[in-house]
Amino acid sequence: MTVDHKRTPLFSALKEHAERNPIQFHIPGHKKGVGMDPEYRAFIGDNALSIDLINIAPLDDLHQPTGVIEEAQHLAADAFGADHTFFSVQGTSGAIMTMILTVCSQGDKIIVPRNVHKSVMSAIIFAGAKPVFVSPVRDKNLGIDHGITTRSVKRALERHPDAKAVLVINPTYYGVCADLKEIVDLVHSYNIPVLVDEAHGVLIHFSSKLPISAMEAGADMAATSVHKLGGSMTQSSVLNIKEGRINPSRVKTILSMLTTTSTSYILLASLDTARRHLALNGEELADKAIALAQFARHGINEIPGLSCFGEDILGTEATFNYDPTKINIHVRHLGITGYDAENWLRDHYNIEVELSDMYNILCLITPGDTHENIDTLLNALRELSSQNYNIRPATDLIIKVPSIPQLTLTPRDAFYGDTEVVPFKESADRIIAEFIYVYPPGIPILLPGEVISQDLIDYIVEHVEVGLPVKGPEDRSIQNVKVIVETNAIF
């Protein structure tokens with residue numbers, strides 16, 4: 001069957017339905033905007049509201065598609081090189097949870113990097129699975145984490161050949177990739193499926209100048225954010241699947257269990273059209289983003305006190321390839337934190353960055369950027385440099401990443417266990433029953449079931465005092481923390 005990527009079956013059906021202008025005795029209750037707040041209606045526009053519909057017969061049903069949604073998903077599978085592609089209106093988090101819940105049940109082991117997104121840990125709690133953590137490679141020059149190496153995956157598999165899956169992040173938030181093909185081949189030699197968190201890698205499917213995609217590397221499942229970099233609406237993603245080790249019917253069942261029955265047709269239509277745009281113009285769109293990013297990278301590297309890694313980072317097991325559209329700006333030599341730089345750019349230039357940490361800010365360059373945007377960024381960074389470089393001493397790069405804590409209870413048992421609240425600064429040696437993570441990128445420092453060490457307390461307190469956004473605990477100020485009740489021996 002020839003595939004015509006010019007077609008948008010779902011979006012076209014929605015437009016035709018809106019043109020017919022049926023009388024709606026169904027939800028949503030705003031009835032094409034008439035029943036909603038007038039200011040919001042005027043701002044959003046009647047076109048959008050006319051396709052804010054639900055799963056009536058002509059428009060198919062995401063939970064059991066047999067019509068235009070099924071057709072749109074077939075086209076997406078072709079575009080992404082998958083056997084099956086499922087649309088997610090629960091973001092990539094919903095797709096990631098689906099991957100894990102498809103392969104893991106109570107007590108099953110899953111090999112995961114320690115710097116996973118919190119959605120991975122949520123799914124592990126829901127499943128009652130046991131995470132086997134692999135340490136990501138820490139970059140001592142930049143103070144960021146890369147991915148996991150083939151060697152570390154090999155060690156994990158040798159110790160845990162009964163694991164139900166291996167999860168890999170590719171590319172990382174910062175755009176760095178290990179040798180995914182090599183990892184996939186290794187894991188498959190144990191006949192274990194590979195799940196890929198591909199949240200930051202939609203464009204890699206459509207450009208030969210970018211790293212290898214999960215499907216191309218032969219991975220079994222990949223959760224791919226179309227909204228992050230591929231032009232669909234926020235919260236819309238796809239789950240790509242290769243058949244063999246994975247049962248697509250099981251995937252459908254799990255995804256349906258995690259998905260609202262009031263699926264947003266605005267989000268679904270944006271996936272349908274983003275696929276068309278990427279399938280027809282992806283190479284060109286990626287080329288444009290890469291050219292702008294390399295122009296930005298070159299400009300940043302000429303600014304005193306700033307640096308932005310590129311091909312110079314390649315050559316280790318953890319840095320096999322990189323995505324140049326991720327612009328990581330190292331600000332340590334200006335004597336300020338990434339957090340300071342983020343706030344300064346917002347206050348002085350109305351620029352919002354993707355994330356900041358102690359030493360870096362991350363800017364994402366996409367096909368939606370222009371030369372004008374990049375020029376503004378470079379001008380802002382030149383001014384930031386002139387105000388700080390050689391005026392303040394460079395901040396020391398202190399890689400104080402505490403060692404991975406001991407996991408003494410499964411995350412599920414800790415999360416649902418008997419707990420009490422204690423002052424965080426006095427919680428050393430207790431078992432935590434909640435998450436603590438720095439967001440973005442949403443990577444947990446402590447997970448339910450891990451033992452809190454004094455090192456970790458110091459590390460987290462320092463982050464809080466610098467003003468970095470530490471989140472997770474029920475006590476947002478992180479003064480107190482929820483721990484497992486200790487049962488004393490009875491004498």
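In which helix is Thr-253 found? In this predicted model, Thr-253 belongs to helix α10, which comprises residues 248–258. The relative accessibility of Thr-253 is 43%, so this residue counts as partly exposed, since that class lies between the limits of 20% and 50%. Although Thr-253 and His-63 are 190 residues apart along the chain, a separation of 8.5 Å was computed between their C-alpha atoms.

Together with Tyr-40 and Phe-43, Ile-44 forms a nonpolar patch on the surface. The accessible area of the three residues together is about 360 Å².

The buried residues of α13 are Ile-374, Leu-377, Leu-378, Ala-380, Leu-381, Leu-384, Ser-385 and Asn-388. Because these residues cover an arc of only 165° around the axis, they lie on the same side of α13. Glu-372 and Ser-386, by contrast, are exposed on the other side of the helix. The packing partners of the buried residues of α13 are the helices α11 (265–301) and α12 (338–349) and the strands β13 (326–330) and β15 (360–364). Just after α13, Asn-390 adopts a positive phi of about 65°.

Definitions and conventions: Residues are numbered from 1 along each chain as its sequence is written. This is a predicted model: local features need pLDDT of at least 70, side-chain atom pairs count only at pLDDT 80 or more; totals for chains, interfaces and linings use all residues. Side-chain values use heavy atoms; hydrogens and water are left out. Buried means under 20% relative accessible area, exposed over 50%, partly exposed in between (1.4 Å probe, protein chains only). Helices (H or I, at least four residues) and strands (E, at least two) are DSSP runs, numbered from the N terminus. The arc is that of the directions from the helix axis to the C-beta atoms. Contact means heavy atoms within 4.5 Å. Patches are made of residues with over 30% relative accessible area and no salt bridge: like charges are joined within 9 Å, nonpolar side chains (Val, Leu, Ile, Met, Phe, Trp, Tyr) within 5 Å. Accessible areas come from the Shrake-Rupley method with a 1.4 Å probe; for residues, only the protein chains shown count as cover. A salt bridge is a side-chain nitrogen of Lys or Arg within 4 Å of a carboxyl oxygen of Asp or Glu.
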